[in-house]
Amino acid sequence: MHSKASNLLRQLCAMTLLALCWGVTIAAHSQQIERPHIIGISHVGYFVSDLPKTIAFWHDFLGYDEAYTLLKQDSSEVRIAFVKINDLQHIELFNEAPTTPHNMMSHLCFTVDDIEKMRAFLRSKGYDVEQGDGTKTKAGDYAFEIQDPNGLLIEFVQRLPTGKEMQAAGKFMPSTRISPRIYHVGYLVADAQKTEDFYKMLGFTETWRGGANPKELSWINMKVPDGDDYVELMLYHSLFESSNWGTKNHLSLVVPDIEKSVAELESRPYYKTYGETLTIHTGVNGKRQVNLYDPDRTRVEIMEPNTVTGKPVPLSTAPPPPASTTLPFTAPANSKAPSGPH
C-alpha cells in the first residue's frame with residue numbers, strides 16, 4: 001500500500017512538473033517579439049576620395065541625379081551626397097576617408113515599416129538596442145544601426161513623409177538612369193556561418209549559393225523577408241588583400257537587356273574618358289553582366305535578372321572557406337552601434 005502511494009505521489013509530481021514546463025514554454029512563446037517587415041535595400045554608403053569625380057561617374061556615365069546633400073558640421077562643404085536610384089533606393093557618398101584602409105564601403109541599410117518594432121525585435125534577440133526617443137536623422141527619418149558579425153554597420157530606416165527622401169518622391173529620376181533598381185549588395189564576409197545565421201535571424205532566406213572553385217564556396221545570396229532585394233555574402237581566402245576590397249564590396253544594378261545597356265553607356269561622352277572596355281560575360285550564376293568601376297575602384301555590377309538558359313543554376317555543395325577571426329570592417333570610433341548579442 002505504501003509503495004502504491006509513493007508511486008502515485010511520484011506520478012503527481014511528474015505531471016505537475018510537466019505542466020509547469022508547458023506553462024513556461026507557452027509564456028516564453030507568448031513573449032516572442034514579432035519582427036516588422038523588412039521591405040528591401042534602402043541604400044548602401046561608400047566613402048569617396050574625390051566627390052566631384054564620383055558624382056560625375058554616377059551622373060554623366062550611369063545617368064543618375066544627386067537628389068540632396070548633407071553638409072559637414074559648421075561648414076559649407078558637403079559631407080554626404082545622396083544619389084537617387086528610385087523613390088525607395090539611393091546611394092550615399094561620404095566625402096570622408098574610409099574607416100578601414102582600402103575598404104570604401106561605409107554601411108548597408110534596409111527599409112522597415114516600423115522602427116520601434118525593429119528595435120524591440122533585436123532586443124529580444126540579445127542586441128543592446130536602446131529604446132527610440134523620437135529623434136530623427138539629419139535626412140528626417142527614423143533610423144538606428146547595429147553591427148553584423150563582420151563589423152559592418154547595418155542600418156534600419158523607417159521613412160517619414162517629412163524626410164528628404166519622401167519629399168523627393170517622383171523627382172530626380174531622369175530617363176538617363178541605366179537601371180531603375182538596386183538588385184543586390186555584396187560584401188566581404190569573414191565567417192560564413194555566423195553571417196548566414198545573422199541574416200536568418202532577421203528573416204532573410206537563402207536563394208542561391210555558388211563558387212568559382214568547385215571545391216570551395218564563394219557566394220551565398222540572402223533575400224530580404226518582404227521583398228526581392230538580396231545581399232550577396234562574398235566568401236574568400238584573400239579577404240584582406242587590398243586589391244579585392246572594391247571588387248568584393250560592390251552593388252549590382254538590374255537591367256532587362258545587358259547589350260542595350262552597354263551600347264547606351266558606350267554612347268555617352270563620359271565613356272570616351274572612362275578608359276576601360278565594357279566586357280559582357282556570363283557569371284557563375286548563369287546571368288549576363290558587366291563590371292564598371294568608380295574612381296575609387298568600387299565595383300558597380302550591371303546584371304540581367306534571368307539566367308541565359310532561363311533555368312536556375314544548381315546550388316554549390318562545396319564547403320565555405322575557413323572562418324577568419326579578423327573582421328573585415330571597422331565601425332567608426334564615434335559609432336554607438338551595438339556590436340551584437342551579448
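I'll start with one residue. Phe 198 comes out at 3% relative accessibility in this predicted model, so Phe 198 counts as buried. Tyr 199 is buried too, with a relative accessible area of 0%.

On to the aromatic pairs. Searching the whole structure gives 20 of them. A pair of rings is described by two values, the distance of the centres and the angle of the planes. For Tyr 183 and Tyr 230 the centres are 5.2 Å apart and the planes stand at 75°, which is over 60, so this pair is edge-to-face. Those two residues come from distant parts of the chain, 47 residues apart: Tyr 183 is in strand β8, residues 182-189, and Tyr 230 is in strand β11, residues 230-235. Both Tyr 183 and Tyr 230 are buried.

Back to Phe 198 and Tyr 199. Their ring centres are 5.1 Å apart with the planes at 80°, so they also make an edge-to-face pair.

Now strand β8. With strand β12, residues 250-254, β8 pairs in the antiparallel sense over four bridges. There, His 184 stands opposite Ser 252.

One cluster is formed by Phe 57, Trp 58, Phe 61, Tyr 64, Tyr 270, Tyr 271 and Tyr 274. And Arg 297 lies over the face of Tyr 293, at 4.3 Å from the ring centre.

Technical notes: Residues are numbered from 1 along each chain as its sequence is written. This is a predicted model: local features need pLDDT of at least 70, side-chain atom pairs count only at pLDDT 80 or more; totals for chains, interfaces and linings use all residues. Side-chain values use heavy atoms; hydrogens and water are left out. Rings of Phe, Tyr and Trp (its six-membered ring) pair if their centres lie within 6.5 Å; planes under 30 degrees apart count as stacked, over 60 as edge-to-face and the rest as tilted. Buried means under 20% relative accessible area, exposed over 50%, partly exposed in between (1.4 Å probe, protein chains only). A charge sits over a ring if NZ of Lys or CZ of Arg is within 6 Å of the ring centre and within 35 degrees of the ring normal. Two strands pair if DSSP finds at least two bridges between them.
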